[in-house]
Each structure stands twice: as structure tokens, then as C-alpha cells.
Protein chains: 2
Amino acid sequence: MRIESVAPAVDGGRYPVKRVIGDEVAVAGDLVADGHDAVAGVVRFRHEREPVWREIALVAGANDRYGASFAAAALGLYRFQLEAWIDAFAGWSAALGKKVEAALDVRVELLVGADLVRAAAARAGADAAALVRAANALASPERSPAERIDVALGAELAALMAKHPDRSAATQSAEYAVRVERGLARFGAWYELFPRSCGKNGKHGTFRDAEAMLPYVADLGFDVVYLPPIHPIGRTRRKGRNNGLICNPGDPGSPWAVGAEEGGHTAIHPELGTFAELEHFRREAEAHGLELAIDVALQASPDHPWVKEHPEWFRMRPDGTIQFAENPPKKYEDIYPLDFESADWPSLWRALYQVFEFWCERGIRVFRVDNPHTKSLAFWEWCIAAVLERHPDAVFLSEAFTRPKLMYALAKVGFSQSYTYFTWRNWDWELRDYMHELVHTPVAEFFRPSFWPNTPDILPPHLQHGGRAAFIARLVLAAGLSANYGIYGPAFELMEHVARPGSEEYLDNEKYELKAWRLDDPRSLRPVVRRINRIRRQNPALQRNDGYAWHPSDNGALFAFSKRWRDNVVLVVVNLDFHHRQGGHLALDLGALGLDRGAAFTVHDLVGDGEFSWQGARNYVELDPHVMPVHVFRIARAP
Amino acid sequence: MRIESVAPAVDGGRYPVKRVIGDEVAVAGDLVADGHDAVAGVVRFRHEREPVWREIALVAGANDRYGASFAAAALGLYRFQLEAWIDAFAGWSAALGKKVEAALDVRVELLVGADLVRAAAARAGADAAALVRAANALASPERSPAERIDVALGAELAALMAKHPDRSAATQSAEYAVRVERGLARFGAWYELFPRSCGKNGKHGTFRDAEAMLPYVADLGFDVVYLPPIHPIGRTRRKGRNNGLICNPGDPGSPWAVGAEEGGHTAIHPELGTFAELEHFRREAEAHGLELAIDVALQASPDHPWVKEHPEWFRMRPDGTIQFAENPPKKYEDIYPLDFESADWPSLWRALYQVFEFWCERGIRVFRVDNPHTKSLAFWEWCIAAVLERHPDAVFLSEAFTRPKLMYALAKVGFSQSYTYFTWRNWDWELRDYMHELVHTPVAEFFRPSFWPNTPDILPPHLQHGGRAAFIARLVLAAGLSANYGIYGPAFELMEHVARPGSEEYLDNEKYELKAWRLDDPRSLRPVVRRINRIRRQNPALQRNDGYAWHPSDNGALFAFSKRWRDNVVLVVVNLDFHHRQGGHLALDLGALGLDRGAAFTVHDLVGDGEFSWQGARNYVELDPHVMPVHVFRIARAP
């Protein structure tokens, strides 16, 4: 007996697969027995805090594949394995049935069966007496063969025998793991916001000022409000406006230059406020249905207390200076990377873990981690597991824009969600191929994408030049394709689109200066954002990625995809040409929509409110970017 | 640093991949390092008889994938693993190059490099002095920066540093294995032959009689002559003609009912001859370029000596009789299966292993194993490894026609080759899908198909009704699609096609009676078989499966495929309609043929001797089954 191809698994079980609470974990494996033996087996599973395994019987599918599922009922790590054995009684029973049907003499077979039942009785505890009775009946020469066959093939005996299998020669698979997180790990809309720009009359904003924006963000329908680093900002080599080397008095500096004499990763920038004010902000956010996420950038400004207290945590250069960050030939003299291979790495790793623990203790559970790929994978595997051990509701978003396999490795070692290449995927084939990779390959078991049309670091070319249509299209693509998405606002909804020439960097970037946003700008995309987030909340299909399907169209400018979850089916069509009206026929994948060939159905536009009666796979759509570059249809079967 | 997705591997390294001697074993893996670190690594490998690992440097491919290959220079088991580490010097050197290019001050960087070089000197043995000189040069304030940069970025220092890497924090992958067999495991044409039908004037044939057929088989171009079991045949419940329950005097019985009072699996059926005569037969075969294969059927007739000597090796029924073979409701009372889970299984397993050992000692190395799927997988894994340990040139063909995953499991545990479902795959999509599974999925790493158009057990419907065209087409499909193939002759080339009504069983099956074959029948396919085997020997592309490709045609009756190995390209087109002329256009996959788009080329028919000038992908073919149902083209680029 071999147990093969156990699923779900990441790298053969080296890493956990990811699920959220309430999911059914569908487990399967090939049970390959010699010859024609009947097999039986169970999935054994237990939560990491449970001392004993529970078991669910495996059910046979096609082609030697067996499956069963268990509920992910608690946050944390579940372990599971398959155990299987030869089911001699089931095999005997099936053979007996065929022989009886062929009217063969089965008296010896009944004696064989009696032996099997007697052996089970010895294992059966309270059921022993019933089994002994059955064995005697099978073997009894006084009873008629027909009577004995009835007992042998009866449901009662089958149930009793299934209850007491001979597992002495059972085979066990390796152990596999499932990381169960809360729903927010899979579904959430994030809004990134610089509190310091919330001040009145050009003054540095505080948490208290930022509270005034919470009703606005909540009204837009977001789930998470995410703040760039809230710690004291270094003064030494502080960057000026537009990342300039010259810092003028009053320039606030980049929040990612973490640490000053006021403190480091466990301190708050005095100009933002106090711990009490942060706490107040967090509770206000929660009162508006928003969860607070903070940014954890594990690096130090030259003024970070660690530089003096723990110079051994940094890389020293032969001239006695500390190695600053660089991406040759670019230099970032205002940032010192930490040395994860430092001789005293255990104390460094523990201190970094304590940063997460510190903020967890202050009620924060959602962490956007800056540049995790320039840190150690082994550190993340250890640190995230340690945080989740005490705070299984913590959520980690990996902000790595790096090589694909490294992005995936970060997800494998524990990040709940990950930034992606979506920001640069524009054309139909790019979106189609990328979504295929994310949803329909083993990547889906461990990598939860978060799609961002913009970030403070990235103003991609299509947003610079595509106008209002581009902003709406990219919003709908991000929010529709990926259950997790986010925007950097208010820059996004106010369609901020001016870049430093020849770059993807915002001109007059908020990273280096205070901005005054005109939230009441009548051109704001606020109504569209609000509508899209409401659609996401009302349509469970958009709250996960596994029901995604792509649909061909005969016009490459029209990108169509759907998501389906149970009865809820949403079909999105986006005009990727932000300047011209485009029309064409879709060739819908009706199976993916849960529709029969030739079915009639209604598509109701949740954005434009139009309603159309369609039939079959081929249907015409036309989108004018100057009006509305998208359809977001809910599909209803015609009555 | 993580090492991921190591290839080649079967089930993550649980089983060896298969290669033949002389192959280059191309190993690859993803080396995923944190951040922007440069990495380096090696493949470590050793033959099971070598005490130490050898190493070959990994070379970077795209997207963090690295590879290297080693030669499978000896039969037996190789083990390999990847080892990789951060290459600090390479990273430093790349960064230095960029800084120099940007005209930055690199004096401190040169000191960093000097430290790296000095550290290497401490590991460098004979190269230490040269490294110390280089380190001093890098650090020397007396030399000009330009001079120091020249040393730093010079090829000489790079080579020295690559020779002495710091592997103290290296990461190692798991160990993987490669089973190296001889070429016959991958490429061979088999001819199955009942020696007992080689007698003169209706008498029972002997090995000496069968020797007379060796020139015939050799002339047909086969590589292996395979004999059904050569052991004494049981008398108790011996089957009569056409598998009849009544055995008449003179009926020879089925050779698969192994064992009689004359002996069991290590004895020879007296009517076939003596050990000396078998030896003579084997040497004669070898003199004709034919290797002898025998059939090992691990089961016993009721007369097998083991039944008396080791009743504990069989399953006893409650009435004191031994359990015979059955496939309910069918009974095979002339055959007793062995009980691989017998209480005394170690002695049984050893005795079975000794059967192979016994015949190996008598010069036989090729074993066709009967029904291995009704035995234990664990037994095969142990037994085949044990035989190969002493006789690494042994070849095992698995005759399992059972569930797909069990067939694959047998290949994983050690069988060199396997019978397949080819015998029942007739239509274009069946052949295409099956070949895809065998060649273009992970199956290819462990399962070597052997395609048989017929066997003594199977006369498939298309051969019963398809006439000469069917025989030729199935021969060319078997011999062309699969580097290993075989026929049961002379039934095949004499187009024996009469079945017991409603069955796939030969009427008057040679399994139960002596046959008199008219080898000189003028209608014999002998010339075609000879031609096809010669084509296989002359075209290396047909001697392996990895260059296989399928080509679409606009007529589903025309099945086209190609095989390519280096410069040798063979394109086969088969008319699957055995009754009507069919014509149509092929849409050739030019890339698979090694041809450029729009290229002109010549196709030379190796069967029909025609020659055509073709251009591009779309070309017309027409095949008349009454003339010749196949083209076997060699492709030559136009000069």
C-alpha cells in the first residue's frame, strides 16, 4: 500500500497551505494497493493546540483517489496526514457478492468471513458480542446458506466491521500543515493614508487630525486603514522634497527612515501624537468598521537608538562607518540595513520579533512589512510563526517587489498576503497569464495576492497618461481580480497623475512632504470607489479568488473575467484602451459561469445599472472610456 | 537561502528517476537567496559504489534556476544533491563594477574586498599566497585606485575566489537518486515465441528445435527473444485447449501453471530440454544478436514442490484447501497465488529473490514479470534492488494491465519497462492523450512504456477486423511511438486474427496447445517487420521517447507524430481508417521538427521509398490502406 500525491500541500509538505477560518479543508490522496485489494482509510487531523488526532473516513473517488474534508474551525496551525489499510472484510464481501450472484457454492467463503469477523470481535470492545454472534451465524451449519449470506452481506455487519478495522499494518503518509488565518487574510480592501497630511492649514497632521478622515475612508467602503511608519524619523541625512539630498528646515523626511533620538520601532513620532492618541485613533477606526494596519520597516536611520546601543547589529565597513543601504550605483545614506547574519543574530532576531509583539500588545494585528525580501527568509519563517503562536489573528502583508521565486518564498515562509506585479500588468495577455499563475497553479495554495493600482512608490505609466478611464479600469481590475486590493489615497481617487519626468515616482511625493488633499474635489472618483467596494461586499464571489475564470473576446482591448462562488456569479468586462470606444464579441466560458450551453440569462450592470438579456456564449459588449470603461455584471439565470 | 524544485525527481525524491548508461543527467534547482545576494553552488553526486561525492558547479539560468549535468557513466544507482551558498565575493564584485562605472569613490569598497580575499586565503591552501598578494594589492594605499580596481575585477582573482568559496553556511537539498540501466532498458524490439510450437511434424518443440527459428527472428531485426515460462507445467487441473476445463491426453497445458513434480521456478520443463540445451539456445541467440528473456510468473500450480514444502507460503482456507486464484466469479483452480503477507514472508521473499538470482547466474538478465500487480509493491522494491545490486545489467518488464496508478507504482518501485494501454488505444485523440501522459508529464521520469499490438492474452478487435492494414498500422504505431515494443509471433506477422467469439482471446490459443506456424506464408508481414526494425536501428530518434511530438491534421483518420534526436528527425503518418483511402492536410509543428517557419525540406519515405519536397507547416498526405497505410518519413532540410 502506498499513499501518494497528497493534497493540499506546498512543496511536498515543507510549508503549510493557507486557509481562512470556516473553510472546509478538502484533503485527498492516491491509495495504491497491490492487486485487487479493497482499501479504507482516514484523514487524521489536529489543531496545534489539540493533544490528540481526530479522524474522518476517506471516501473513494475515481482512479484510486480518496478524499475527505475537515473544518478549519480555529485560527492557527492544523496538521493532517492520511492513514490507509487493506480492508479485508470489504474485499471479501465484494467477492462474496459476485459469487452469490453467479450462484456458486460459498460455504467455504462464509467460513473465511466468519474468521474475519471473529478477528474483529477481538478488537471491538462493546461491539464484541454482536460481532461474535454474527461470526457464529456465518459459520453455523444449522442455518441455511441464504440466511448466512443475508447476515454476511447485511448493512449491520458492514457498519460494525467498518467500525473496527484491522489497522495493524496501516500505512501513514507524511504530515502536512494548514495555516488557518482570519477572513481578512483572504478578503480586504486597504486604504493607505499619511496622517501627517491631515493637518489643518498646512500644519503637520496628528492622529487626532487623521481621525477626521475615518468617516470618509469608511464611507468609501474600505476594510483596512494602513499608515506608513509611525515612528520618529531620523534627522541625519534626512531627505528633502522629491527625495532631494538637501533637506530644508521643516521638511518632514521619509517615515521609512525609522528612528531618532526620541526612539525607534517601538516609539511614536512626536509630531503624530502619543500612544494614547494612537489608541484613540485605532478605536475610532474600529468604530467605523476599519482595522488599523501599520508599516514595519526593519531598518534604521543613522539616529536610531539601536545604532548606538547595538552597533553589532549593523555591518561595519573597514573605515569604521556603518554600511548604508544601496542598490549600486544608488546610495541610501539615510538608511542602515540590519545585518541578519550578525554574529549576535539571536539578540537581533529577538528584538525584531519584540517589535511585532510590542504592537500586538497595543491592539494592532495587521502589519504591512516593508521590503521583507532584503531580510532573511529564515528570520521571517521563525518570527511570523512566533507572532502567530501568541496572536493567531495577526496578518502580514509582504511588500516585496522582487524576483518571482523570492516573492513566492516569502509567502511560503508565512506572509498572509503579498504585493504583486499587477501594478505593471496592463494588456489582456499579461493579465490573463498572471491570473492563471496566481489562481490555477500550485501558487494558489500559499500566495494570496494583493493588487495595488498605485502606491506612494509607484505611479505607473498608464495612470500618468490614461486619465479618468485608466483610474477606473485599474480600480475595477484590482478590486475584481483580487479579493485583496488596496489604493494609496487620496492620491488615487483624486487621480493624482503627475510624475517626476521619466519616472514612475510621484512628483512632490508625499513620502517627503506634507500634502493638502481636496477631498471634496467634484471630479473625485469617490462615488466609483464607494460603488466598487459595496459590490465587493455584496458579492461573495469577489471575496475569494478560486472561482476566477477568463473569457476570450474577439477584441484584444476588451478584457473579460468572471468570479463564481456558489450561486453568486460576477462577470467583469474592462476596456483596456483608455482613449477609444471599443466593441466586440465575448466568447463566454459558460461552464465557468455555471450556465448550460445555449442558456438564456440576464446580466445586470452593478456599476452602470443597465440590464441585458443574453443567450449562449457569444454576446456583444461596447465600452466608451469617456463614459464608463467597465461593466461589472451580476449574472442571473433567466427564470 | 532555499533550494527548491529540484529536478529530475520522482515524488519529491522518494523514488529514483531512470536513465541509461551514457546519458547526461541534467540536474536543476531554484536557488532562492534573500535580497540581492549573489549565489553559487554545486551538484554533488556519487555512484553507489563510490565512497566520496564529486562536484560540478551550477550554472545560472533564467529566474533563479541553476543547472549542471553529470555523466551516467556506470550501471547502478547514483545519488545527487544540490548545495548552494551566498557568494559574497561575486556580489561585491558586481556592485563594485557598477560603482566604478558610475565613477564613485570606491576606496572603502576596495578595503571590504580585501577582507573577503584575506578570508579566502585562510581556506586556500596552495593558493593562499596568491590570495594574500591580491588582498594586499586591493588594500594598498600606495597603488592607484585604477590599478587596485584592475586587480579587484580581474579574471585571475575571480577564478581564485571561485575556487575557495566560503561554504560554512551552505544549504543542502535533500538527496535524490538516479537508476542507471543499460540501453536495452530504453530501446529494444521484443519477439515473443513459444519454443514448444517449433517441433517438427506436430511434436512438442524443444530449445534445440527453437534454435532453428533464431535466424528468422534475427533477420526480422528484433533485439530480444522472449520465452513464456520454461518450467515444468502442473498436471492437476491442467487446462485443455481453448482454456477448457477438460484436459485431453497430450494437451500441453499453460506454461503459466508453474511447477510439477519435476520441479518449480528453478527447473526446466523436461519436454523443452535440459539446462545445457537452454544454455546452448541462449548462446545461439546471442550469436544472432538476440538477447534471451524469460518469463517469471510468481505463482504455483497445485503440483509445485513449494505446495508441499512450504504450505505456509500459501493462503489456507478454513476447509483445509489452498486458496486458488480467482477474479470473482471466475476461478483459476490450476493456479495457487503466493501469500506475500504470509507469517513467514521473509523466507518466501528470499526464495522468490533466489529465483531471479538463479537465472542470473545462468546468464539470463532480461525478465518479463507476469502479473506483478497481484504481488506486493514492497516485495518488488526490495527484490529488484537486490537483484540490481549484484546484477546491475538486469532488465525487468512489468506485465501489469491494471489501474493506472498501480501500473505507475510498479515502475516507481523498480521495473525497467512496462506494458501499457497502447493495445487498446486506437483513435487519434486516444493516442495523442496517452502519448502526452507518457512523454510530457512527470511519468516520463520513471515509466518506460513497451507497446505491444498483440500478446498471447490479447487479440484486440481492430486486429480481428482490420486486415493487413491494421496489422501494419499497429506495428508502425507501436514501433514508432515507443522505443520499446514487442510482438507475439509468429501470430502477429502471419496476421492470425480469429478470436473466440465475443472475446479478445485467440481462438485455439497457443497458451493451451502446440501450433504449427507457416513462416514461409507469402502473405507474411515479414518484409514490413524487417523494414520497420531496420528503420528503428538506423534512426536514433526512434530509440528514445523524449523527442516525441504530435502534429495536427484536418482529417481525424490521419494520425501524425514525429521523433527528433539531434539531427535525426522522423515523421510518421498513419491512416487509422483501415478500410478507406484518406487524405488531408497536416499542420506540422515545425519547431518540433527543428525547422524554421516557411522552411523548405525533403521528406523521404523509408517504407514506401517515395520522396517529396515540402514547405512550411501545411502539407498534403494521402494514404490507401490497401496499398500502405503509413508513411515513415525521414526529414532533411533542403540544401
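Ground rules. Residues count from 1 along each chain as its sequence is written, and chains are lettered from A in the order in which they are written. In this predicted model local features need pLDDT of at least 70, side-chain atom pairs count only at pLDDT 80 or more, totals for chains, interfaces and linings use all residues, and side-chain values use heavy atoms, with hydrogens and water left out.

Interface. Chain A gives 46 residues to the contact, and chain B gives 46 residues. Contact here means heavy atoms within 4.5 Å. The buried area is about 3900 Å², and carbon and sulfur atoms give 51% of that. Buried area is the accessible area, with a 1.4 Å probe, that two parts lose on being put together, summed over both. In chain A, the residues that lose the most area to chain B are A:Arg2, A:Arg403 and A:Lys405; together they make 18% of what that side buries.

Now charges. The rule finds 12 salt bridges across this interface. That rule wants a side-chain nitrogen of Lys or Arg within 4 Å of a carboxyl oxygen of Asp or Glu. One pairs B:Lys405 with A:Asp30, at 2.9 Å, N to O.

Which helix supplies the largest share of the side of chain A that touches chain B? It is α12(A), with six residues. Helices are DSSP runs of H or I, at least four residues; strands are runs of E, at least two; both are numbered from the N terminus. By class, that side has 18 nonpolar, six polar and 22 charged residues. Nonpolar covers Ala, Val, Leu, Ile, Met, Phe, Trp, Tyr, Cys and Pro; charged covers Asp, Glu, Lys and Arg; the others, Gly among them, are polar.

Next, α15 of chain A, residues 467–481. Its 15 residues reach 21 Å from first C-alpha to last, close to the 21 Å expected at 1.5 Å a residue. The expected span is 1.5 Å times one less than the number of residues. Of those 15 residues, 13 are buried, so α15(A) is largely enclosed by the rest of the structure. Buried is under 20% relative accessible area, exposed over 50%, partly exposed in between, with a 1.4 Å probe and protein chains only.

Last, the backbone. Most residues other than glycine have a negative phi, and most peptide bonds are trans. A:Ala7 and A:Pro8 are joined by a cis bond, omega about 0°. A:Ala103 has phi near 60°, a positive value. A:Ala103 sits in the loop between α1 and α2 of chain A, and is exposed at 65%.
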